[in-house]
Amino acid sequence: MNGYMGFVGVTTSGSSIMKIFPEWARILQLPTDRLTGHDLPLGASREQYRELVTRIRDDKDHRGALVTTHKMDLYQSAQDLFDEVDEFGRLCGEISSISKRDGRLIGHAKDPITAGLALGEFLPPGHFKETGAHVICLGAGGAGTALSWCLAGHADAPERIVCTDTSPVRLQHLADVHARGQLPAGLFDYRLIEGPEDTARVMAEAPAGSLVVNASGLGKDRPGSPLPVGVDFPRDAIVWEFNYRGSLEFLAQAREQAERRQLTVVDGWRYFIHGWSQVIAEVFDVELTDQLLDQLAEAAASAR
């Protein structure tokens with residue numbers, strides 16, 4: 001076997017990809033079936049990020065890496081160590097894929113592609129135009145940024161995307177990204193969440209059929225949910241939990257209300273499949289086909 005691929009996260013050993021990767025390597029005929037976790041704590045230091053990126057760059061056996069929770073902090077701390085970062089990565093200030101080409105270290109932000117692929121599997125065609133539904137994106141970090149970017153360019157874009165966060169800094173960063181990307185200013189509504197009543201108000205204002213997304217990270221890297229206890233989802237909402245593992249409180253809340261509020265509830269499994277397959281394809285310069293993706297999904301099912 002030739003080298004190994006890395007996985008930058010908080011608790012990488014708990015991810016299903018550790019069991020799945022060897023079989024995916026066989027299906028894709030990769031040069032290695034080794035996947036190595038690089039665990040960093042939430043709030044890691046600039047020096048930790050720079051040391052890790054330098055190690056990936058200088059280790060000839062290290063083929064590249066997928067980055068999860070640390071996408072924005074890694075970019076802010078180590079962007080100068082990359083020879084190239086793609087346009088969305090520069091605009092958003094994040095890196096989710098680290099690859100190498102001819103001795104050059106390259107960073108990509110793959111999340112808008114991942115979000116679009118996953119969204120296309122469950123969002124009915126013409127949903128927003130037909131229903132007048134909005135999008136409620138709970139979380140303005142990397143995942144929320146990617147989703148809002150993807151939806152702004154969607155053929156069936158909603159008339160309103162409400163982005164919430166408990167941090168004014170993250171909300172401002174998101175607004176700056178949207179401005180730099182020249183996305184329609186009137187499309188977005190940025191809401192600072194200072195207490196449960198703020199989220200309750202956002203939910204109460206959302207039209208029926210709205211897409212409500214947990215992009216906060218709560219329920220995966222740390223316990224909790226961005227939805228306060230006792231607050232209802234909009235009726236007929238499509239509820240999307242980005243996570244597929246962890247304490248998943250938000251997903252439990254949606255499932256508890258599913259029948260009463262007529263919800264469509266989607267977990268993060270297919271988002272996980274698309275996210276990993278896109279980065280693996282980039283790292284190993286593989287062309288993904290629909291047939292290959294179906295094979296990968298089938299091989300991963302047993303590890304869910």
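**View 1. Charged side chains of the predicted model.** The protein carries 30 positive and 42 negative side chains, with the centres of the two sets 3 Å apart. Lys and Arg count as positive and Asp and Glu as negative, while His and the chain ends are not counted; each charge is placed at NZ of Lys, CZ of Arg, CG of Asp or CD of Glu. The model is predicted: local features need pLDDT of at least 70, side-chain atom pairs count only at pLDDT 80 or more, and totals for chains, interfaces and linings use all residues. Residues are numbered from 1 along each chain as its sequence is written, and side-chain values use heavy atoms, leaving out hydrogens and water.

**View 2. Overall fold.** The protein contains 12 helices and 12 strands (DSSP runs, numbered from the N terminus: helices are H or I of at least four residues, strands E of at least two). Its radius of gyration is 19 Å, close to the 19 Å given by the globule rule for 304 residues, so the protein is as compact as a globular protein of that length. The radius is taken over C-alpha atoms, and the rule is 2.2 Å times the number of residues to the power 0.38. Along the principal axes, the C-alpha atoms fill a box of roughly 55 × 40 × 35 Å.

View 3. Ser16 lies in the loop between β1 (4-9) and α1 (17-28). Ser16 counts as buried, at 10% relative accessibility (buried: under 20% relative accessible area, 1.4 Å probe, protein chains only). Leaving aside residues up to four places away in sequence, Ser16 touches Tyr244, Trp269, Phe272 and Ala303 (contact: heavy atoms within 4.5 Å).

Terms used:
Buried means under 20% relative accessible area, exposed over 50%, partly exposed in between (1.4 Å probe, protein chains only).
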